[in-house]
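Please examine the model displayed below before reading on.

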Amino acid sequence: MTTARNFACHVMRLLAWLLTGAALTTYAFAQRLYVADSGEDKVAIVDVSATPAVIGNIPLAAGSAPRSLALSADETMLAVGNFSGSLSLVDLTRSPAVPFATVVPGSGNLFGVAFSPDGKKVYAAWSNKLSVIAINGGTASVTSTITISTTWNAVAVAVSPDGTRAYVVTGDSAPGDSVEVVDVSGATPAGIGTYSLAGGDSEKIAVSPDGTHLYVSSQDTDAVSIIDLGSATPLSHANVAGPPKGVAISADGHKVYAADNGASAIDVSGATPAVTDIAIAGAGEPFGVALSHDGATLYVTDLVKNTLTTIATATNSVSGSITFGNTLADAVFAASTPTGVALSTAPATVPAGAYSVLTVTLTNPTATSATITSLHITLDPAIDAYGLVDNSCGGTFATVSHNVVGITAGTLPAGGSCALHIQTTANVPGTYTHKVLAGDSQTSAGNNATDASASFTAVTPIAPTVAAAFSPATIAPGATSTLTLTLGNANSTDLELISLADTLPSGLVIATTPNAATTCPGAAVNATAGSGSFTVAKAAPLLPVATIPAGGSCTASVAVTAAAAGSYVDAVPAGAVQAYVISLSLPGIVAGNVVDNSTTATSATLVVNATQLAPAAPAPALGRLALLLLAALIAVAAVGAREARSAQRRGR
């Protein structure tokens, strides 16, 4: 077989499969909540994809007492501010998740933490200082520290969306709290301004997504302080039902949520904040709040009752609650665990020699795009051929080793996925398994923590069948009958019809009008009037291939005739149907086709009977002139008849 005649057909088939199947696949991302369990020195991992359930824990050093949490923008790192004074950094792309670095900025309690937008720095508010901690290659170290206040503790920190400013709340236990503005755009942080707060005992701070407003939970005044960074009179308040602690902001910046005696939803989209109180029955001391990315669900931790309460924001009503074993503090929401890898094959069962397409899908549930440093796909070493069909991940596709292929420098879209489709072929029946091993998907958003695999099974091809029939089965000499050959294919994939040749018995020939026809896609019947044989093959050189449809059949027919009476047996021998299992490997376009010819014979008998009555010939049609003459003769005869009757009456 030539590879050129197959290429277009297979490309069209693969594109059709991709458009109707794999390209429409969507992937659901797991949703996780990380909760600081201060009493048990750990961070609980809560799956909130459905009913919240604790699925694991991140252990910390004894006595750590985790108090505050921060998540990097790509959601691959967790910063844990421990009240004991240390900062724990956790790589969420590894399973199990454990701290990869622990930093102690100085002596004193650590209250608040925040990531820079690029995830390369963490800002830690401790004692009366702010420390800048740089993350590099799995290590972390303090690069600089600035004293925020000579009097009050630095209790919370937030970073502007552009990463140039850190906003640090000072106070903690006395009136006269403030927000200190620190320029962190250079090598050394520098204080550049102060916003005074009306009350004291401030707990948390958040910055709006557009960087124009700050929201501070001011417990002494039972209010969320609002600082308009562009206003000459920046300070205003939203009064809530109790002392607020945690604060969270919706993605559009229109809603601020606070934990107080229960929870409060504050609409800040208008000129005046509008507060809706959300009651939590049996609440002790609500502390931490986290909001799902779509804004539909609010999560509230309770420092005393050790509960996690779920609130539907559409109705501002409690939808569920679970209880933990010990004291809960802060909470942060993540769209998922790190980037995922999923493998699938289609078809999963094919005739040996036919292709099965392997789909490798990488998912990135984080809010920022990610770079694919490398992706290695381990193909089953026993396959006979493979080739890339398409690749939406970008980068360069190449063979890494004998059975390992991959890409480098690809891109994963934010909150989305990309995929590679690789055609694989095995000529020997058996089960073949492809894998992406743990750690073989390396991205800036994390690496795969576990193996992913998918298999396909190659089965022995089923030979095509052929059956012959005449219609009508008995004719008069010189009359015609239609000979139909039906080709069957019980395989799960199409067979390529190379040729079908039928030699008629002596005396039986193709009729003057052959009426040759076929239902086999891409095929044509080649029949010449008066010939004693005909063939079926590809219709035209430029067409891809002729096929016998998978799991079905098609026909080829021709009109035949015989001049002499007798029985004519059309015997189609085994092997008369020449076919291949369709297979092609891209981009090398290596044909890996397996011969699959018909293995059984078939026959049909046509009886030509001299006594068979031919259909009666219709009376010849009369022309217009003949009709006029006939009418005249009838008229003359009628006149003659009348005159004869008149003469007869006179003679009486």
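How many bridges join E26 to E27, and in which sense do these strands run? Six bridges join E26 to E27, and the two run antiparallel. The model is a predicted one, in which local features need pLDDT of at least 70 and side-chain atom pairs count only at pLDDT 80 or more, whereas totals for chains, interfaces and linings use all residues. Residues are numbered from 1 along each chain as its sequence is written, and side-chain values use heavy atoms, with hydrogens and water left out.

Two strands pair if DSSP finds at least two bridges between them. Strands of a sheet pair through backbone hydrogen bonds, in either a parallel or an antiparallel manner.

E26 and E27 belong to an open sheet of four strands, ordered E24-E25-E26-E27, with antiparallel pairing. Its edge strands are E24 and strand E27 (317-323), each of which pairs on one side only. On average, and with direction ignored, neighbouring strands of this sheet are turned by 20° against each other; the axes are lines fitted to C-alpha atoms, for helices over the stretch in contact, and angles run from 0 to 180 degrees between N-to-C directions.

The sheet can be followed from E24 onward. E24 pairs with strand E25 (residues 297-302) in the antiparallel sense, over four bridges. Pro286 has Asp302 in E25 as its bridge partner. Thr301 is also found in strand E25. Thr301 is buried, with a relative accessible area of 0%; buried means under 20% relative accessible area, exposed over 50%, and partly exposed in between (1.4 Å probe, protein chains only). Thr301 and Phe287 are 14 residues apart in sequence, while their C-alpha atoms are 5.6 Å apart in space.

From E25 the sheet continues to E26 through five bridges, and these two strands run antiparallel. Thr297 stands opposite Ala312 in E26. E25 and E26 form a hairpin with four residues between them. Asn306 lies in the loop between these strands, and its phi is near 60°, a positive value in a residue other than glycine. Asn306 is buried, with a relative accessible area of 15%.

On the way to E27, Ile311 stands opposite Val318. E26 and E27 also form a hairpin with four residues between them, and Asn316 in the turn has a positive phi of about 50°.

The whole protein can now be considered. It has two helices and 56 strands. Of its 652 residues, 48% are buried. Among contacts (heavy atoms within 4.5 Å) between residues at least 6 apart in sequence, 57% join residues at least 24 apart.

The largest pocket has a volume of about 1400 Å³. On a 1 Å grid over the protein atoms alone, a pocket is an open set of points with protein on both sides within 12 Å along at least five of seven lines, whereas a cavity is a set where a 1.4 Å probe fits but cannot get out; lining residues have an atom within 4 Å of a point. Grid points are joined across faces, edges and corners, and a volume is the space filled by probe spheres set on the points.

This pocket is lined by 42 residues, of which Leu71, Ala206, Val207, Ile249 and Val332 lie nearest its centre. Strands that each supply at least two residues of the lining include E4 (66-71), E16 (202-207), E24 (286-291) and E28 (328-334). By class, the lining has 28 nonpolar, 11 polar and three charged residues; Ala, Val, Leu, Ile, Met, Phe, Trp, Tyr, Cys and Pro count as nonpolar, Asp, Glu, Lys and Arg as charged, and the others, Gly among them, as polar.

Some backbone details remain. The peptide bond from Ala346 to Pro347 is cis, with omega near -10°, and Pro347 is placed in the loop between strand E29 (340-346) and strand E30 (349-351). Ala409, in strand E35 (residues 404-412), has a positive phi near 60° and is exposed, with a relative accessible area of 57%.
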